[in-house]
Amino acid sequence: MKAVQWLSVALMAMSMSLAAHAEDWPARPLRLVVPFAPGGGADICARIIAQKLGAALGQSVVVENRAGAGGIVGTGLAARAKNDGYTLVLATVGPFSVSPHLYKKLPYDPQKDFTPVTLVANALNVLVVNPSLPVHTVPELVAYAQANPNKLAFGSSGYGQTDQLSGELFKSMTGIKVTHVPYAGGAPAMVDLMSGQVQFIFATVSTAIGPIQAGKIRPVAMTGDTRFKLLPQVPTVKQSGVAGFVVNNWYGIAAPAGTPAPVIDRLNGEIRKVLAQSDVQATLLQQGIEVTTDSPSEFASYIKSEDAKWGKVVADAGVHMD
């Protein structure tokens, strides 16, 4: 038999094998690795999806929290898993688009070791200030910082975290000179913002919404593409005059590279159905998380664009973890 015929037969056999695998899948429970501790926005989002997805697939989807090193530990674990469709990972902006530029060496390559399934949500962030600061808008904050160089400080949940890099991006795009103060998490940073130890933070909505409603901090602008439905009076940073400023603290679902395409397509369809449910959207919205989905190829392109964006921010800020 000629080489071309052998190749044709081999490809046909492979196609039949993948199709058979997809028909049998899932034959046992799946696991969804969440590379963060229980209780946070990523974990909440993953558990809601897992419960609904399990019901749709007829097999349970077990959430497995593997926290450590800002998401690197769990993401690396998922990268080494079998590509048989039974392991998924909650992909997020930190481990997938920021960490590759912060660390010289990672136990995975986000773009080579994973097959994207779909973007699922954005955990919204809001620029908030201490009420004693005489600013209510982004232009007022920029003007005040320019008039008082190096006298303002912004807090973050940690060195190299997305909220710090949001501040670094804001600095580079507005030309202001302010000091970064890292904390061991968003909660202690919020405490110091309320007490006036730092003057502003790019906080998660879930952390900020309580103090905002209590009048202990003032919302100035949302960091994403659009306004937040529960804070409709707050414009985006981009709408406030900083053209091109968009920070989405995104979550997605990915699988180990080589996971059969029919399985990826089935997962994409089922997850998108789950996220289209009104009760799912309402529950996530209360946590400051907005649903957004796409195709596997669109998610892959988005990861690449985010990688390029945050690579530049990290380089410009001179931020390195090793």
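Me: Which residue stands opposite R31?
Reply: T87, in strand β3. This is a predicted model.

Me: How do β1 and β3 pair?
Reply: In the parallel sense, over three bridges. Strand β1 covers residues 30–34, and β3 covers residues 87–92.

Me: Which helices pack on the sheet there, and what do they touch?
Reply: Helix α2, residues 41–57, touches β1, β2, β3, β4, β10 and β11. The direction of α2 makes about 160 degrees with that of β2. Helix α4, residues 93–102, packs on the sheet too, touching β3, β4 and β10. The direction of α4 makes about 60 degrees with that of β3.

Me: What is the strand order in the open sheet?
Reply: β2-β1-β3-β10-β4-β11. That is six strands, with mixed pairing.

Me: Which strands stand at the edges, and why is one side of each without a neighbour?
Reply: β2 (61–65) and β11 (289–291).

Me: How many degrees does the twist average from one strand to the next?
Reply: 30 degrees.

Me: New topic. How many salt bridges does the structure hold?
Reply: Nine. One of them joins the side chains of R47 and D43, at 3.0 Å from N to O.

Me: Where do R47 and D43 lie?
Reply: Both are in helix α2. They sit four residues apart, about one turn of the helix.

Me: Is D43 buried or exposed?
Reply: D43 counts as buried, because its relative accessibility is 4% and the cut-off for buried is under 20%. R47 counts as partly exposed, at 39%.

Me: Which residue does K52 meet in a salt bridge?
Reply: D279, at 2.9 Å from N to O. This pair links distant parts of the chain, 227 residues apart. K52 is in helix α2, and D279 is in helix α10. K52 counts as partly exposed, at 26% relative accessibility. So does D279, at 38%.

Me: Which residues are linked with R31 in a network of salt bridges?
Reply: E64 and R66.

Me: Switching to β8. Why is β8 largely enclosed?
Reply: Four of its five residues are buried, so the rest of the structure largely encloses it. Strand β8 covers residues 200–204.

Me: Which strands are joined to β8 by bridges?
Reply: Among them is β5, residues 125–129, joined by five bridges and running antiparallel to β8. Strand β6, residues 153–156, is joined by two bridges and runs parallel to β8.

Me: Which residues of β8 stand opposite L127 and F154?
Reply: L127 stands opposite F202. F154 stands opposite F200.

Conventions
Residues are numbered from 1 along each chain as its sequence is written. This is a predicted model: local features need pLDDT of at least 70, side-chain atom pairs count only at pLDDT 80 or more; totals for chains, interfaces and linings use all residues. Side-chain values use heavy atoms; hydrogens and water are left out. Two strands pair if DSSP finds at least two bridges between them. Axes are lines fitted to C-alpha atoms, for helices over the stretch in contact, and angles run from 0 to 180 degrees between N-to-C directions. Contact means heavy atoms within 4.5 Å. Buried means under 20% relative accessible area, exposed over 50%, partly exposed in between (1.4 Å probe, protein chains only). A salt bridge is a side-chain nitrogen of Lys or Arg within 4 Å of a carboxyl oxygen of Asp or Glu.
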